[in-house]
Amino acid sequence: MKKQKLAVVFAALLTMVGFSSCLNGETDPTVSPKEFMKVNGGVGYYSFTSSLGYTITPANMSALKDVQLSTSYAYVIYSYDSSLMELNEDKSATINAVVGIRDGWAMPRATVEEDGNAPIYSLQNNTELIYYGYPAYLAYYDKYNLFIPITYYYDSSEKSGEDSEESGADIDTHGFALYYDSEEASDKGTLLMHLRHKVINPDTKRDKTNTESFHFNIAAVLSAYTAKTGISMPDKIVIEYEESQTSSYDNTTSNKLEFEYKSVFEENIANN
């Protein structure tokens, strides 16, 4: 079983806000945070809200005129002058890059055979592998919204664009869902969910692996867990998944990823 506690530093915890700045003789006050953010508005009117509560309005909105975000969350890299603005305040900032985060599903029911037809290569709490220019990693936005980095096999023969080397059209045919069975036995304080991977055409030969973070809203699962156990916040989350070192679904083994839940949010409350 893979086990990893998330860091409990408030500014870096929920969506692991990352920073970079430039040095050119003197310290440059320009900083470039990187984080998962909630998407507001539409083309020409985007804004992005951090898990820390502040909202970023693009200073270069016209540069995003061709950006079509159909997802609720995105990974955003932006820049602003830290000598003029604080991190935790609403601000206008230059958007350097933005990538939509695809949604998975989370359902309070037992998993059945038809829920999965493809293996997962691995689940990771953190990775340096790059998907469209950003690192995929395990993170919370809040108590209900979770980002899980999933590595899976895809067919690289169908390119989604002339300049795309890392993703194929097959990537869009992959779906992931979490299932919680309230009647299944688990350790006290543990929320056990099963992750299943389903593809539109399971007979397609998939020869490469891709890693990306998927967004899961686990509100309905947490509600069912509380109704069953009387516990409002589990101590930890355990995700069971079907793993394989090949793209075949015939030779999967069960593996688990375990990470902290309750202590993460209790620590944030204590630090505020």
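Author: A charge counts as sitting over a ring if NZ of Lys or CZ of Arg is within 6 Å of the ring centre and within 35 degrees of the ring normal.

Reader: Over which ring does the charged end of Lys 91 sit?

Author: The ring is that of Tyr 54, and the charged end of Lys 91 is 4.2 Å from its centre. Lys 91 also lies over the face of Tyr 80, where the distance to the ring centre is 4.8 Å.

Reader: How many helices and strands does the chain have?

Author: There are three helices and 19 strands. The chain has 272 residues, and 47% of them count as buried. Among contacts with a separation of 6 or more, 68% are between residues 24 or more positions apart.

Reader: What is the mean pLDDT of the chain?

Author: The mean is 84, and 80% of the residues reach 70 or more. Residues 1–16 have a pLDDT below 50, although the model gives this stretch 53 contacts beyond near neighbours in sequence. Residues 159–167 are also below 50, with 15 such contacts. Where pLDDT is low, predicted coordinates should not be read in detail.

Reader: How do I read a pair of aromatic rings?

Author: Such a pair is described by the distance of the centres and the angle of the planes. In this structure, a search of the whole model finds 17 aromatic pairs. One of them joins Phe 36 and Tyr 137: the centres are 5.0 Å apart and the planes are at 55 degrees, so the pair is tilted.

Reader: Where in the chain are Phe 36 and Tyr 137?

Author: Phe 36 is in strand β4 (residues 34–40) and Tyr 137 in strand β12 (residues 134–137), so numbered that the two are 101 residues apart and the pair links distant parts of the chain. Phe 36 has a relative accessible area of 0% and is buried. Tyr 137 is buried as well, at 4%.

Reader: What kind of pair do Tyr 140 and Tyr 261 form?

Author: Their pair is edge-to-face, with 5.6 Å from centre to centre and 75 degrees between the planes. Tyr 140 lies in strand β13 (residues 139–140), and Tyr 261 is in the loop between β19 and α3 (262–270), so the pair ties together parts 121 residues apart in sequence. Tyr 140 is buried, with a relative accessible area of 0%, and Tyr 261 is buried with 1%.

Reader: Which residues do ring pairs link into a cluster?

Author: The cluster holds Phe 36, Tyr 73, Tyr 75, Tyr 137, Tyr 141 and Phe 147.

Reader: Which residues of helix α2 are buried?

Author: In α2 (residues 219–229) they are Val 221, Leu 222 and Tyr 225. Because they cover an arc of only 95 degrees around the axis, they are on the same side of α2. These buried residues pack against β9 (105–107) and β16 (190–199). After α2 comes Gly 230, which has a positive phi, near 80 degrees.

Reader: Is Asn 255 buried or exposed?

Author: A residue counts as buried under 20% relative accessible area. Asn 255 has 16%, so Asn 255 is buried. Its place is in strand β19 (residues 253–260).

Reader: With which side chain does the side chain of Asn 255 make a polar contact?

Author: The partner is the side chain of Glu 243, at 3.2 Å.

Technical notes. Residues are numbered from 1 along each chain as its sequence is written. Side-chain values use heavy atoms; hydrogens and water are left out. pLDDT is the predictor's confidence in each residue, from 0 to 100. Contact means heavy atoms within 4.5 Å. Helices (H or I, at least four residues) and strands (E, at least two) are DSSP runs, numbered from the N terminus. Buried means under 20% relative accessible area, exposed over 50%, partly exposed in between (1.4 Å probe, protein chains only). A polar contact is a pair of N or O atoms within 3.5 Å; within protein, one must be able to donate a hydrogen and the other to accept it, and residues adjacent in sequence count only if both atoms are side-chain atoms. The arc is that of the directions from the helix axis to the C-beta atoms. Rings of Phe, Tyr and Trp (its six-membered ring) pair if their centres lie within 6.5 Å; planes under 30 degrees apart count as stacked, over 60 as edge-to-face and the rest as tilted.
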